[in-house]
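Dear colleague,

Please find below the structure I promised to pass on, followed by my notes on what turned up in it. I would be glad if you could read the notes with the model open beside them.

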Amino acid sequence: MYWEKEIETMDRANLEKMQAARLGETLARATRSVHYRKVFKAMKLDTDRIRTAADIGMLPLTTKEDLREQWPYGFLACSRDELIRMHSSSGTTGRATVIFHTGGDIAAWTNLLARSMYMTGMRRSDVFQNMMTYGLFTGGLGFHYGAEKIGALVIPAGAGNSKRQIQLMRDFDTSVIHIIPSYALHLSTVFTETGVDPRRDTRLKIAFLGAEPHSEKMRRKIEEFYGFKGFNSYGLSEMNGPGVAFECPEQNGMHIWEDNYIVEIIDPVTLKRLPEGEEGELVMTTLLREGMPIIRYRTKDLTRIIPGPCPCGRTHRRIERITGRTDDMMILKGVNIFPIQIEKKLMEIPGVGTNFLIILDREGYNDQMTVKVEIEREFFGGDLQQLEALRHRIVEELRSDILITPRVDLVEPDSLPKSEGKAVRVVDNRKD
Ligand SMILES: [Zn+2]
(Lines give C-alpha, C1' and ligand atoms only; values in the text may rest on other atoms or scores of the structure.)
Protein backbone atom coordinates (compact mmCIF):
# COMPACT_ATOMS: atom_id res chain seq x y z
CA MET A 1 0.00 0.00 0.00
CA TYR A 2 3.04 2.30 0.23
CA TRP A 3 5.30 3.29 -2.65
CA GLU A 4 8.07 4.34 -0.22
CA LYS A 5 7.03 3.14 3.23
CA GLU A 6 10.05 4.51 5.07
CA ILE A 7 9.53 8.05 3.81
CA GLU A 8 5.73 8.05 3.85
CA THR A 9 5.51 6.85 7.46
CA MET A 10 8.67 8.50 8.83
CA ASP A 11 8.16 9.86 12.34
CA ARG A 12 7.78 13.62 12.58
CA ALA A 13 11.10 14.26 14.36
CA ASN A 14 13.08 12.52 11.60
CA LEU A 15 11.00 14.12 8.89
CA GLU A 16 11.74 17.55 10.32
CA LYS A 17 15.44 16.71 10.55
CA MET A 18 15.37 15.74 6.89
CA GLN A 19 13.60 18.99 6.04
CA ALA A 20 16.19 21.07 7.90
CA ALA A 21 19.07 19.41 6.05
CA ARG A 22 17.35 19.83 2.69
CA LEU A 23 16.44 23.44 3.45
CA GLY A 24 20.12 24.17 4.07
CA GLU A 25 21.03 22.69 0.68
CA THR A 26 18.19 24.59 -0.96
CA LEU A 27 19.37 27.92 0.43
CA ALA A 28 22.91 27.24 -0.73
CA ARG A 29 21.62 26.53 -4.23
CA ALA A 30 19.20 29.47 -4.21
CA THR A 31 22.02 31.97 -3.61
CA ARG A 32 23.31 31.06 -7.08
CA SER A 33 20.23 32.67 -8.62
CA VAL A 34 20.09 36.36 -9.54
CA HIS A 35 16.87 36.87 -7.60
CA TYR A 36 17.79 35.30 -4.26
CA ARG A 37 21.33 36.63 -4.30
CA LYS A 38 19.85 40.10 -4.60
CA VAL A 39 17.11 39.56 -1.99
CA PHE A 40 19.36 37.88 0.60
CA LYS A 41 21.93 40.64 0.18
CA ALA A 42 19.33 43.39 0.61
CA MET A 43 18.07 41.69 3.79
CA LYS A 44 21.65 41.07 5.00
CA LEU A 45 20.45 37.53 5.56
CA ASP A 46 22.96 35.02 6.88
CA THR A 47 21.54 31.74 5.55
CA ASP A 48 23.68 29.79 8.04
CA ARG A 49 21.40 31.02 10.80
CA ILE A 50 18.50 29.04 9.33
CA ARG A 51 18.91 25.71 11.13
CA THR A 52 15.45 24.17 11.36
CA ALA A 53 12.29 24.25 9.29
CA ALA A 54 10.78 26.42 12.03
CA ASP A 55 13.32 29.19 11.26
CA ILE A 56 11.83 29.54 7.81
CA GLY A 57 9.82 32.59 8.88
CA MET A 58 13.08 34.58 8.73
CA LEU A 59 13.25 34.04 4.98
CA PRO A 60 11.56 36.33 2.44
CA LEU A 61 8.29 35.40 0.74
CA THR A 62 8.35 34.87 -3.02
CA THR A 63 5.45 35.95 -5.23
CA LYS A 64 4.28 35.35 -8.77
CA GLU A 65 5.25 38.96 -9.48
CA ASP A 66 8.84 38.14 -8.48
CA LEU A 67 8.84 35.26 -10.97
CA ARG A 68 7.50 37.55 -13.69
CA GLU A 69 10.00 40.25 -12.92
CA GLN A 70 12.85 37.76 -13.24
CA TRP A 71 11.46 36.19 -16.41
CA PRO A 72 12.90 34.04 -17.80
CA TYR A 73 16.18 33.11 -16.11
CA GLY A 74 16.46 35.19 -12.93
CA PHE A 75 15.56 32.29 -10.63
CA LEU A 76 17.86 29.81 -12.31
CA ALA A 77 20.34 28.22 -9.86
CA CYS A 78 22.28 26.09 -12.32
CA SER A 79 23.75 26.40 -15.79
CA ARG A 80 21.34 26.18 -18.72
CA ASP A 81 23.11 23.04 -19.96
CA GLU A 82 21.75 21.14 -16.98
CA LEU A 83 18.12 21.87 -17.87
CA ILE A 84 16.06 19.27 -19.68
CA ARG A 85 12.49 20.67 -19.59
CA MET A 86 10.50 23.83 -19.15
CA HIS A 87 6.86 24.33 -18.23
CA SER A 88 4.85 27.48 -18.13
CA SER A 89 1.77 28.65 -16.28
CA SER A 90 -1.25 29.45 -18.41
CA GLY A 91 -0.74 33.17 -18.00
CA THR A 92 -4.46 33.90 -17.88
CA THR A 93 -3.77 36.72 -15.45
CA GLY A 94 -0.94 38.64 -17.05
CA ARG A 95 2.43 37.42 -18.22
CA ALA A 96 3.12 33.72 -17.89
CA THR A 97 5.69 32.35 -15.48
CA VAL A 98 8.21 29.75 -16.54
CA ILE A 99 9.74 26.89 -14.53
CA PHE A 100 12.87 25.01 -15.60
CA HIS A 101 13.73 21.47 -14.57
CA THR A 102 16.96 19.48 -14.44
CA GLY A 103 16.97 15.72 -14.92
CA GLY A 104 16.99 15.37 -11.13
CA ASP A 105 13.94 17.64 -10.85
CA ILE A 106 11.92 15.59 -13.34
CA ALA A 107 12.94 12.36 -11.56
CA ALA A 108 11.86 13.72 -8.16
CA TRP A 109 8.58 15.03 -9.56
CA THR A 110 7.86 11.76 -11.37
CA ASN A 111 8.47 9.88 -8.14
CA LEU A 112 5.95 12.05 -6.27
CA LEU A 113 3.28 11.32 -8.86
CA ALA A 114 4.04 7.59 -8.73
CA ARG A 115 3.86 7.71 -4.93
CA SER A 116 0.55 9.60 -5.06
CA MET A 117 -1.13 7.35 -7.61
CA TYR A 118 0.13 4.16 -5.97
CA MET A 119 -1.35 5.41 -2.70
CA THR A 120 -4.86 5.39 -4.22
CA GLY A 121 -4.51 1.78 -5.33
CA MET A 122 -3.22 2.18 -8.89
CA ARG A 123 -0.90 -0.65 -9.98
CA ARG A 124 1.08 -1.77 -13.02
CA SER A 125 -1.86 -3.87 -14.22
CA ASP A 126 -3.96 -0.72 -14.65
CA VAL A 127 -4.77 1.15 -17.86
CA PHE A 128 -4.46 4.88 -17.30
CA GLN A 129 -6.24 7.35 -19.59
CA ASN A 130 -4.83 10.82 -19.11
CA MET A 131 -7.54 13.30 -20.13
CA MET A 132 -5.50 16.39 -19.34
CA THR A 133 -3.96 18.92 -21.68
CA TYR A 134 -0.41 18.00 -22.61
CA GLY A 135 2.16 20.65 -23.44
CA LEU A 136 3.32 23.60 -21.41
CA PHE A 137 0.63 22.90 -18.83
CA THR A 138 2.00 20.51 -16.18
CA GLY A 139 -1.11 18.35 -15.65
CA GLY A 140 -0.57 16.16 -18.70
CA LEU A 141 3.10 15.22 -18.60
CA GLY A 142 3.31 15.10 -14.79
CA PHE A 143 0.79 12.30 -14.45
CA HIS A 144 2.00 10.64 -17.63
CA TYR A 145 5.51 10.14 -16.28
CA GLY A 146 4.27 9.02 -12.85
CA ALA A 147 1.94 6.41 -14.33
CA GLU A 148 4.73 5.04 -16.53
CA LYS A 149 6.98 4.79 -13.49
CA ILE A 150 4.37 2.62 -11.78
CA GLY A 151 4.36 0.56 -14.94
CA ALA A 152 0.73 1.08 -15.94
CA LEU A 153 -0.30 1.22 -19.58
CA VAL A 154 -0.72 4.92 -20.38
CA ILE A 155 -3.17 6.29 -22.95
CA PRO A 156 -2.14 9.93 -23.57
CA ALA A 157 -5.64 10.94 -24.66
CA GLY A 158 -5.29 14.65 -23.87
CA ALA A 159 -8.25 16.90 -23.19
CA GLY A 160 -11.58 17.12 -25.03
CA ASN A 161 -13.19 15.06 -27.80
CA SER A 162 -15.70 13.41 -25.49
CA LYS A 163 -16.92 10.68 -27.83
CA ARG A 164 -13.39 9.51 -28.54
CA GLN A 165 -12.61 9.50 -24.80
CA ILE A 166 -15.53 7.14 -24.19
CA GLN A 167 -14.49 4.96 -27.12
CA LEU A 168 -10.91 4.70 -25.80
CA MET A 169 -12.20 3.73 -22.35
CA ARG A 170 -14.28 0.94 -23.84
CA ASP A 171 -11.76 -0.32 -26.40
CA PHE A 172 -8.78 -0.54 -24.05
CA ASP A 173 -10.42 -1.29 -20.67
CA THR A 174 -9.36 1.96 -19.04
CA SER A 175 -9.41 1.51 -15.26
CA VAL A 176 -7.90 4.81 -14.08
CA ILE A 177 -8.48 8.32 -15.44
CA HIS A 178 -7.19 11.80 -14.75
CA ILE A 179 -9.87 14.40 -15.38
CA ILE A 180 -10.97 17.93 -14.48
CA PRO A 181 -14.10 17.71 -12.25
CA SER A 182 -16.24 20.07 -14.35
CA TYR A 183 -15.28 18.09 -17.45
CA ALA A 184 -16.24 14.85 -15.68
CA LEU A 185 -19.71 16.31 -15.22
CA HIS A 186 -19.88 17.43 -18.83
CA LEU A 187 -18.72 14.00 -19.99
CA SER A 188 -21.46 12.37 -17.93
CA THR A 189 -24.07 14.04 -20.16
CA VAL A 190 -22.30 12.65 -23.25
CA PHE A 191 -22.35 9.18 -21.69
CA THR A 192 -26.07 9.54 -21.10
CA GLU A 193 -26.77 10.85 -24.61
CA THR A 194 -24.89 8.00 -26.25
CA GLY A 195 -26.57 5.39 -24.05
CA VAL A 196 -23.30 4.17 -22.50
CA ASP A 197 -23.40 3.45 -18.77
CA PRO A 198 -19.90 3.80 -17.28
CA ARG A 199 -20.82 1.46 -14.41
CA ARG A 200 -21.94 -1.27 -16.77
CA ASP A 201 -19.90 -0.65 -19.91
CA THR A 202 -16.46 0.41 -18.64
CA ARG A 203 -13.90 -0.84 -16.10
CA LEU A 204 -13.30 2.52 -14.45
CA LYS A 205 -12.36 2.24 -10.77
CA ILE A 206 -10.15 5.22 -9.91
CA ALA A 207 -10.20 8.88 -11.01
CA PHE A 208 -7.80 11.67 -10.18
CA LEU A 209 -9.73 14.91 -9.93
CA GLY A 210 -7.45 17.87 -10.35
CA ALA A 211 -6.77 21.35 -11.61
CA GLU A 212 -9.78 23.19 -10.22
CA PRO A 213 -11.46 23.61 -6.83
CA HIS A 214 -14.64 21.60 -6.39
CA SER A 215 -16.96 20.72 -3.53
CA GLU A 216 -17.41 17.41 -1.74
CA LYS A 217 -20.96 17.20 -3.12
CA MET A 218 -19.63 17.52 -6.64
CA ARG A 219 -17.12 14.75 -6.01
CA ARG A 220 -19.88 12.45 -4.72
CA LYS A 221 -22.06 13.29 -7.69
CA ILE A 222 -19.25 12.33 -10.07
CA GLU A 223 -18.40 9.15 -8.15
CA GLU A 224 -22.01 8.07 -8.13
CA PHE A 225 -22.44 8.51 -11.85
CA TYR A 226 -19.24 6.73 -12.89
CA GLY A 227 -18.99 4.15 -10.13
CA PHE A 228 -15.32 4.94 -9.45
CA LYS A 229 -13.53 6.43 -6.46
CA GLY A 230 -12.45 10.00 -7.09
CA PHE A 231 -9.27 11.30 -5.45
CA ASN A 232 -8.43 14.96 -5.08
CA SER A 233 -5.05 16.08 -6.24
CA TYR A 234 -3.31 19.37 -5.77
CA GLY A 235 -0.40 21.04 -7.47
CA LEU A 236 0.81 24.18 -9.16
CA SER A 237 3.45 24.68 -11.81
CA GLU A 238 5.73 26.75 -9.54
CA MET A 239 5.98 23.70 -7.22
CA ASN A 240 6.35 21.28 -10.23
CA GLY A 241 2.69 20.75 -11.01
CA PRO A 242 0.48 17.87 -9.84
CA GLY A 243 1.73 15.57 -7.09
CA VAL A 244 2.33 18.26 -4.48
CA ALA A 245 -0.52 16.91 -2.33
CA PHE A 246 -2.80 13.96 -2.91
CA GLU A 247 -5.61 12.10 -1.21
CA CYS A 248 -5.08 8.69 0.35
CA PRO A 249 -7.79 5.99 0.51
CA GLU A 250 -9.32 7.78 3.51
CA GLN A 251 -10.45 10.58 1.11
CA ASN A 252 -10.17 13.05 3.94
CA GLY A 253 -7.68 15.74 3.03
CA MET A 254 -4.57 15.60 0.85
CA HIS A 255 -1.18 14.50 2.17
CA ILE A 256 1.33 17.16 1.24
CA TRP A 257 4.71 15.55 0.61
CA GLU A 258 6.83 17.14 3.29
CA ASP A 259 10.06 15.43 2.26
CA ASN A 260 9.83 17.61 -0.87
CA TYR A 261 8.19 20.76 0.49
CA ILE A 262 7.94 22.87 3.63
CA VAL A 263 4.36 23.97 4.15
CA GLU A 264 3.07 27.06 5.92
CA ILE A 265 -0.34 28.70 6.18
CA ILE A 266 -0.28 32.49 6.47
CA ASP A 267 -2.82 35.24 6.86
CA PRO A 268 -2.94 36.72 3.33
CA VAL A 269 -3.30 40.25 4.70
CA THR A 270 -0.93 40.40 7.71
CA LEU A 271 1.39 37.69 6.24
CA LYS A 272 1.68 36.21 9.78
CA ARG A 273 1.95 32.46 10.13
CA LEU A 274 -1.32 30.88 11.27
CA PRO A 275 -1.65 28.02 13.75
CA GLU A 276 -2.44 24.51 12.52
CA GLY A 277 -6.12 24.14 11.67
CA GLU A 278 -6.78 27.75 10.68
CA GLU A 279 -7.58 28.65 7.11
CA GLY A 280 -5.29 30.95 5.18
CA GLU A 281 -2.97 31.15 2.20
CA LEU A 282 -0.75 28.17 1.46
CA VAL A 283 2.96 29.03 1.30
CA MET A 284 5.48 26.45 0.09
CA THR A 285 9.23 25.97 -0.15
CA THR A 286 10.85 23.45 -2.50
CA LEU A 287 13.35 21.12 -0.81
CA LEU A 288 14.70 19.05 -3.69
CA ARG A 289 14.49 21.50 -6.61
CA GLU A 290 17.87 21.85 -8.34
CA GLY A 291 17.18 24.04 -11.35
CA MET A 292 14.91 26.60 -9.76
CA PRO A 293 14.58 26.45 -5.97
CA ILE A 294 11.69 28.59 -4.75
CA ILE A 295 11.47 29.77 -1.16
CA ARG A 296 8.24 30.55 0.67
CA TYR A 297 6.12 30.83 -2.45
CA ARG A 298 2.72 32.46 -2.02
CA THR A 299 0.38 30.08 -3.86
CA LYS A 300 -2.69 32.33 -3.43
CA ASP A 301 -4.61 29.12 -2.69
CA LEU A 302 -6.73 29.10 0.45
CA THR A 303 -6.77 26.00 2.63
CA ARG A 304 -5.89 24.79 6.12
CA ILE A 305 -3.81 22.03 7.65
CA ILE A 306 -5.99 19.27 9.08
CA PRO A 307 -4.72 18.64 12.61
CA GLY A 308 -4.09 15.12 13.85
CA PRO A 309 -2.74 11.90 12.33
CA CYS A 310 -4.33 10.13 9.35
CA PRO A 311 -5.57 6.56 9.88
CA CYS A 312 -3.64 5.47 6.75
CA GLY A 313 -0.38 5.67 8.72
CA ARG A 314 1.27 8.37 6.61
CA THR A 315 2.87 11.08 8.73
CA HIS A 316 2.95 13.84 6.10
CA ARG A 317 0.32 16.37 7.12
CA ARG A 318 -2.92 16.82 5.22
CA ILE A 319 -4.38 19.98 3.71
CA GLU A 320 -8.07 20.53 3.18
CA ARG A 321 -9.35 20.75 -0.39
CA ILE A 322 -8.66 24.22 -1.81
CA THR A 323 -11.57 26.46 -0.88
CA GLY A 324 -10.65 29.29 -3.24
CA ARG A 325 -7.92 31.58 -4.43
CA THR A 326 -7.14 34.90 -2.89
CA ASP A 327 -7.56 36.44 -6.36
CA ASP A 328 -10.81 34.52 -7.17
CA MET A 329 -12.52 36.31 -4.37
CA MET A 330 -15.41 38.48 -5.53
CA ILE A 331 -16.26 41.52 -3.50
CA LEU A 332 -19.91 42.43 -3.88
CA LYS A 333 -21.56 45.10 -1.77
CA GLY A 334 -18.67 44.76 0.67
CA VAL A 335 -19.12 41.01 1.08
CA ASN A 336 -16.34 38.55 0.20
CA ILE A 337 -17.64 35.64 -1.87
CA PHE A 338 -15.87 32.67 -3.44
CA PRO A 339 -17.31 30.75 -6.43
CA ILE A 340 -16.86 27.50 -4.49
CA GLN A 341 -19.43 28.69 -1.92
CA ILE A 342 -22.03 29.06 -4.67
CA GLU A 343 -21.15 25.65 -6.07
CA LYS A 344 -21.44 24.01 -2.65
CA LYS A 345 -24.95 25.37 -2.17
CA LEU A 346 -26.12 24.57 -5.70
CA MET A 347 -24.95 20.96 -5.53
CA GLU A 348 -27.14 20.40 -2.47
CA ILE A 349 -30.30 21.28 -4.36
CA PRO A 350 -32.08 18.44 -6.20
CA GLY A 351 -32.77 19.28 -9.84
CA VAL A 352 -29.65 21.40 -10.29
CA GLY A 353 -27.58 20.27 -13.26
CA THR A 354 -23.88 20.19 -13.91
CA ASN A 355 -22.84 23.75 -14.62
CA PHE A 356 -23.39 27.32 -13.50
CA LEU A 357 -22.11 30.80 -14.29
CA ILE A 358 -21.88 33.87 -12.06
CA ILE A 359 -22.27 37.23 -13.79
CA LEU A 360 -21.46 40.46 -11.99
CA ASP A 361 -22.89 43.74 -13.32
CA ARG A 362 -22.89 47.30 -12.13
CA GLU A 363 -26.12 49.25 -12.43
CA GLY A 364 -25.56 52.85 -11.35
CA TYR A 365 -23.84 52.47 -8.01
CA ASN A 366 -25.39 49.12 -7.42
CA ASP A 367 -23.61 45.80 -7.96
CA GLN A 368 -25.78 42.93 -9.04
CA MET A 369 -25.04 39.21 -9.12
CA THR A 370 -26.82 36.94 -11.57
CA VAL A 371 -26.36 33.20 -11.32
CA LYS A 372 -27.24 31.17 -14.39
CA VAL A 373 -27.91 27.61 -13.31
CA GLU A 374 -28.25 24.63 -15.59
CA ILE A 375 -31.00 22.34 -14.41
CA GLU A 376 -31.69 18.70 -15.13
CA ARG A 377 -33.50 17.94 -18.34
CA GLU A 378 -36.62 16.45 -16.74
CA PHE A 379 -37.39 19.79 -15.10
CA PHE A 380 -37.81 21.45 -18.47
CA GLY A 381 -40.66 19.13 -19.34
CA GLY A 382 -42.31 20.03 -16.02
CA ASP A 383 -44.77 22.82 -15.36
CA LEU A 384 -43.85 26.44 -14.83
CA GLN A 385 -44.88 26.43 -11.20
CA GLN A 386 -42.37 23.70 -10.45
CA LEU A 387 -39.64 25.66 -12.24
CA GLU A 388 -40.48 28.80 -10.32
CA ALA A 389 -40.41 26.90 -7.03
CA LEU A 390 -36.94 25.58 -7.87
CA ARG A 391 -35.72 29.04 -8.87
CA HIS A 392 -37.09 30.49 -5.64
CA ARG A 393 -35.40 27.82 -3.59
CA ILE A 394 -32.02 28.50 -5.23
CA VAL A 395 -32.36 32.24 -4.51
CA GLU A 396 -33.19 31.55 -0.87
CA GLU A 397 -30.40 29.00 -0.34
CA LEU A 398 -27.79 31.29 -1.88
CA ARG A 399 -29.02 34.31 0.04
CA SER A 400 -28.78 32.46 3.36
CA ASP A 401 -25.15 31.62 2.62
CA ILE A 402 -23.69 34.68 0.89
CA LEU A 403 -26.03 37.26 2.49
CA ILE A 404 -26.76 38.84 -0.89
CA THR A 405 -29.89 38.23 -2.94
CA PRO A 406 -28.78 37.11 -6.40
CA ARG A 407 -30.86 37.00 -9.55
CA VAL A 408 -31.20 33.40 -10.60
CA ASP A 409 -31.86 32.29 -14.19
CA LEU A 410 -32.58 28.65 -14.87
CA VAL A 411 -31.14 27.48 -18.15
CA GLU A 412 -31.21 24.27 -20.14
CA PRO A 413 -28.62 21.55 -19.65
CA ASP A 414 -25.44 22.12 -21.70
CA SER A 415 -26.33 25.71 -22.58
CA LEU A 416 -23.52 27.37 -20.59
CA PRO A 417 -19.93 27.60 -21.91
CA LYS A 418 -18.52 24.09 -22.17
CA SER A 419 -15.64 23.22 -19.96
CA GLU A 420 -13.23 21.20 -22.05
CA GLY A 421 -10.60 23.08 -20.10
CA LYS A 422 -11.23 24.67 -16.72
CA ALA A 423 -14.78 25.79 -16.01
CA VAL A 424 -15.67 29.42 -16.53
CA ARG A 425 -17.31 30.34 -13.25
CA VAL A 426 -17.34 34.13 -13.12
CA VAL A 427 -17.86 36.87 -15.67
CA ASP A 428 -17.25 40.28 -14.15
CA ASN A 429 -18.76 43.08 -16.27
CA ARG A 430 -18.17 45.77 -13.68
CA LYS A 431 -16.07 48.71 -14.78
CA ASP A 432 -14.52 51.10 -12.32
ZN1 LIG B 1 -3.91 9.25 4.82
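The arrangement around the zinc ion is tetrahedral, because its four donor atoms subtend angles of 101 to 116°; four donors count as tetrahedral here if all angles lie between 85 and 135 degrees. For comparison, the ideal angle for four tetrahedral donors at a metal is 109.5 degrees. The protein donors are Cys 248 (SG), His 255 (NE2), Cys 310 (SG) and Cys 312 (SG), which lie 2.1 to 2.3 Å from the zinc ion, a donor being an N, O or S atom within 2.8 Å of the metal (3.2 Å for Na, K and Ca), with water not among the atoms, so that sites may look incomplete.

Please keep in mind that this is a predicted model, in which local features need pLDDT of at least 70 and side-chain atom pairs count only at pLDDT 80 or more, while totals for chains, interfaces and linings use all residues. Residues are numbered from 1 along each chain as its sequence is written, and side-chain values use heavy atoms, with hydrogens and water left out.

In sequence, the donor residues of the zinc ion follow the spacing C-x6-H-x54-C-x1-C. Distant parts of the chain are linked in this way, since Cys 248 sits in the loop between strand S8 (241-247) and strand S9 (254-256), whereas Cys 312, 64 residues apart from it, sits in the loop between strand S13 (305-306) and strand S14 (318-319); strands are DSSP runs (E, at least two residues) and helices likewise (H or I, at least four), numbered from the N terminus. Cys 248 counts as buried because its relative accessibility is 0%, and Cys 310 does so at 8%; buried means under 20% relative accessible area, exposed over 50% and partly exposed in between (1.4 Å probe, protein chains only).

Finally, nine strands form an open sheet of mixed pairing, in the order S4-S3-S5-S6-S7-S8-S9-S14-S13, where two strands pair if DSSP finds at least two bridges between them.

Note on methods: Tetrahedral: all angles 85-135°; square planar, octahedral: opposite > 155°, others 65-115°.
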